[in-house]
Amino acid sequence: MTTTIVRVDEKARQHPYGISLVVHHCTYAFDILYIPTTYKAPSHDTLPFDVKEIVLNLITSPRDLVSLALTCRDWASTIIPYYLYRELDMRINYSEIWRALAERPYLAKGTHTLRLSEASRNKSTLPQCPGPTLDMLRNMTLALEGFTSLRKFSWTGSHNALQIDQSFLEALARCPALDELDLGPVSLQSDHRIPSISSLWKFPRLIKLALKGDWDLCGVDFFYLSLINNSPNLEELSILYGPASSHFTSCSLQKLRKLHLWHDSLYIQFPESELYPFDVQILDFLRNHPNIEDLRWLTWSWNRLTFPSGFLPSLKRLRAYGHLYRSLLQDPTLIEKRKWECISRATLTSDMPILEQIDLSCLKEMRLLNFEGFDSLKRLADLAPSITILAIPSFGPPININCGTHSPPPGYMPSVSDLHLENYFECLAQFPSLETLLDTRLWSAIMRLSPEERTKAVTHLTSRCRNLFRLNYWDPFRHTEMDIVFSKGEDGRVSWREMPSQEENWERFGGL
């Protein structure tokens with residue numbers, strides 16, 4: 001057995017700058033080591049610049065960055081303005097911004113998220129917004145060179161195919177930290193549609209991928225297939241597919257945990273007795289990926305598919321229709337083992353016996369097919385008290401409700417009692433953890449009230465549902481989903497603001 005002897009001599013104890021240690025270990029003798037007793041760790045404002053960059057890239061909150069910048073001038077000069085632009089939401093036709101970023105790439109070195117989209121517009125009154133010009137694409141490509149910390153890239157919202165050339169793809173592929181990619185319809189220039197370009201579609205760090213384009217029509221199905229195959233670490237895949245674009249089912253993604261599938265057409269006549277080949281291909285793909293935990297799939301073969309027992313044993317979140325939905329919920333080999341976190345398309349009247357058999361203790365999200373009365377919702381609250389996200393279509397007073405049997409006079413504004421809003425608030429209060437209410441017409445009813453009654457209704461709602469902070473509804477005038485976000489001030493007053501929905505852009509595909 002080896003021993004270690006540590007001897008501290010008396011002279012060293014009196015030395016003002018350190019301690020002399022003589023260490024003997026077996027047959028080895030070490031020289032005297034002096035450790036200053038007044039040693040002081042370097043201050044955070046004297047760190048080397050490369051260490052500072054590592055520290056700053058680990059901070060994601062702009063508020064935390066501002067707090068750090070206020071500590072001293074050195075940190076302020078490092079952070080402002082280079083690291084404050086953590087997220088950039090830009091329109092694709094903002095040529096001045098792209099020119100500035102191309103000329104001063106250091107401005108984007110701290111950006112983690114870049115989202116590009118078309119300008120919002122009313123189709124009936126405004127002309128079509130032009131896409132990026134060649135000069136703009138050139139500046140965009142140069143600007144991408146400065147996004148050295150980019151982690152999320154999204155280019156969506158375009159009604160036409162996005163014209164992307166080889167240099168743009170090369171610049172995007174050189175972003176070393178990119179792990180999330182979200183693309184709408186992509187169109188490559190004809191002289192670039194050659195197999196050699198597939199080498200550009202390589203993002204080794206990619207974890208999340210969303211492809212929302214009609215890839216068959218764009219003629220780039222080969223390239224997106226190459227992109228998926230060259231992403232071995234992919235954990236989440238969301239894709240818009242059709243009868244001829246289910247090629248992704250040939251890929252092997254052993255780390256895949258989330259698969260969201262949408263149709264590129266919802267109006268196809270289905271022969272009653274046929275199984276569609278692409279549905280069978282997807283079913284085989286799912287069999288080969290048993291670790292999937294989150295699935296969204298609207299099958300085209302409806303009730304003609306057969307699902308084996310023990311199918312997708314790791315599944316926790318499900319967005320599906322009829323046969324697939326009930327087959328997975330009622331699988332006798334897994335009904336007691338699954339810990340559901342999300343269920344959709346449930347009809348409480350007919351599905352309540354199934355819901356009473358499965359474990360809903362971990363359920364966080366429930367999306368119902370329709371509102372079927374207060375009693376069924378209260379029963380759901382008893383079974384799943386941990387629900388934080390609840391979608392209830394048609395939940396709220398009917399649009400044409402009025403006071404009494406006669407039509408209201410012009411300019412009449414109903415009261416909270418006229419619309420029986422207390423009944424709806426009381427029902428929601430049964431869900432103690434509720435944070436988000438989706439796809440409801442409750443806000444449309446509240447907006448019909450006078451300003452005083454509206455404030456009263458919002459205060460009543462948020463007092464009964466103390467955790468509720470977001471309410472989502474469909475705006476028929478803007479033809480889009482909107483979010484109402486509540487906040488409470490120090491004086492206890494509740495305010496709200498309206499903003500575009502946080503739901504995915506293609507949320508309404510397939511009604512899931």
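1. Asp439 is partly exposed, at a relative accessible area of 29% (buried is under 20%, exposed over 50%, partly exposed in between, with a 1.4 Å probe and protein chains only). Its place is the loop between strand 19 (436-438) and helix 15 (442-447), and its phi is near 50 degrees, positive although the residue is not glycine.

2. A word on the basis: this is a predicted model, where local features need pLDDT of at least 70, side-chain atom pairs count only at pLDDT 80 or more, and totals for chains, interfaces and linings use all residues. Residues are numbered from 1 along each chain as its sequence is written, and side-chain values use heavy atoms, leaving out hydrogens and water.

3. Ser394 also deserves a look: its phi is near 65 degrees, a positive value in a residue other than glycine. Ser394 sits in the loop between strand 18 and helix 14.

4. In helix 13 (residues 374-383), the buried residues are Ser376, Leu377, Leu380 and Ala381. Viewed down the axis of helix 13, they fall within an arc of 145 degrees, so they line one face of the helix (the arc is that of directions from the helix axis to the C-beta atoms). Asp375 and Asp382 are exposed on the other side of helix 13.

5. Helix 14 (residues 421-428) and helix 16 (residues 451-464) have axes that come within 9 Å and cross at roughly 20 degrees. The two helices are therefore roughly parallel (angles under 35 degrees).

Key: Axes are lines fitted to C-alpha atoms, for helices over the stretch in contact, and angles run from 0 to 180 degrees between N-to-C directions. Helices (H or I, at least four residues) and strands (E, at least two) are DSSP runs, numbered from the N terminus. Angles under 35 degrees count as roughly parallel, over 145 as roughly antiparallel, 65 to 115 as roughly perpendicular and the rest as oblique.
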